[in-house]
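Let's take a friendly walk through a protein model together.

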Amino acid sequence: MATRLDAPAFDSAHFRRVLGHFPTGVVAVSAMDGDEPVGLTVGSFASVSLDPPMIGFFPSVTSTSWPRIERAGTFVANVLAEHQAELSSVFATSGGDKFGRLAWQRSATGAPVLDNVAAWIECEVADVVPAGDHLFVLGRVLDLAVAGDPRPLVFFQGDYARLAGQ
């Protein structure tokens, strides 16, 4: 019978360093709050279900943009292309005009689809579940498309990275 090892004291820096070895795509989630576009960057994004089609992502509970996106009820998950690292950084900051110099189009629900992204997924908010210092947002997919640059922006070991080959 296996015995349980005593767990060491939890070290959040070690946790972040270890999980940094798992590359993630970068997504800018966008919506319309009334007449104003709003958005945030997420690095934890996943396909959740094929039937029905659903995706998920994890905004911070301290995000000032997420409540505005949730209030909109619909959003677009813009899969950023490898040349959009600066856009990712802009959407990761709190406040300010994130859309001022950006080109974008409205989706069927009115949410912003950013120009030149790798792909976009339009969703309605299906559920929001507390998950520690983040929230798990479940989105029901309404529409989606491959867009411009097919090479996604990747985040790996604390920095942006490029995929080899292709």
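A28 has T41 as its bridge partner in β3. This is a predicted model, in which local features need pLDDT of at least 70 and side-chain atom pairs count only at pLDDT 80 or more, while totals for chains, interfaces and linings use all residues. Residues are numbered from 1 along each chain as its sequence is written, and side-chain values use heavy atoms, with hydrogens and water left out. Helices (H or I, at least four residues) and strands (E, at least two) are DSSP runs, numbered from the N terminus.

**Strand β2 and its neighbours**

Two strands pair if DSSP finds at least two bridges between them. β2 runs antiparallel to β3 (residues 36-42), and 7 bridges join them. The two form a hairpin with 2 residues between them, and G34 in the turn has a positive phi of about 70 degrees. β2 also pairs with β6 (residues 74-79) in the antiparallel sense, over 4 bridges; there, the bridge partner of V29 is A77.

Is β2 enclosed or open? Because 7 of the 7 residues of β2 (residues 27-33) are buried, the strand is largely enclosed by the rest of the structure. Here buried means under 20% relative accessible area, exposed over 50%, and partly exposed in between (1.4 Å probe, protein chains only). V27, V29, A31 and D33 point one way from β2, whereas A28, S30 and M32 point the other way.

**Pockets**

On a 1 Å grid over the protein atoms alone, a pocket is an open set of points where a 1.4 Å probe fits, with protein on both sides within 12 Å along at least five of seven lines; lining residues have an atom within 4 Å of a point. Grid points are joined across faces, edges and corners, and a volume is the space filled by probe spheres set on the points.

| Pocket | Volume | Lining residues |
|---|---|---|
| Largest | About 1,300 Å³ | 36 residues |

R16, G43, S44, H134 and F155 lie nearest the centre of the largest pocket. α1 gives the most to its lining, with 5 residues.

**A stop at T93**

T93 sits in the loop between α3 (85-92) and β7 (104-106). At 42% relative accessibility, T93 counts as partly exposed.
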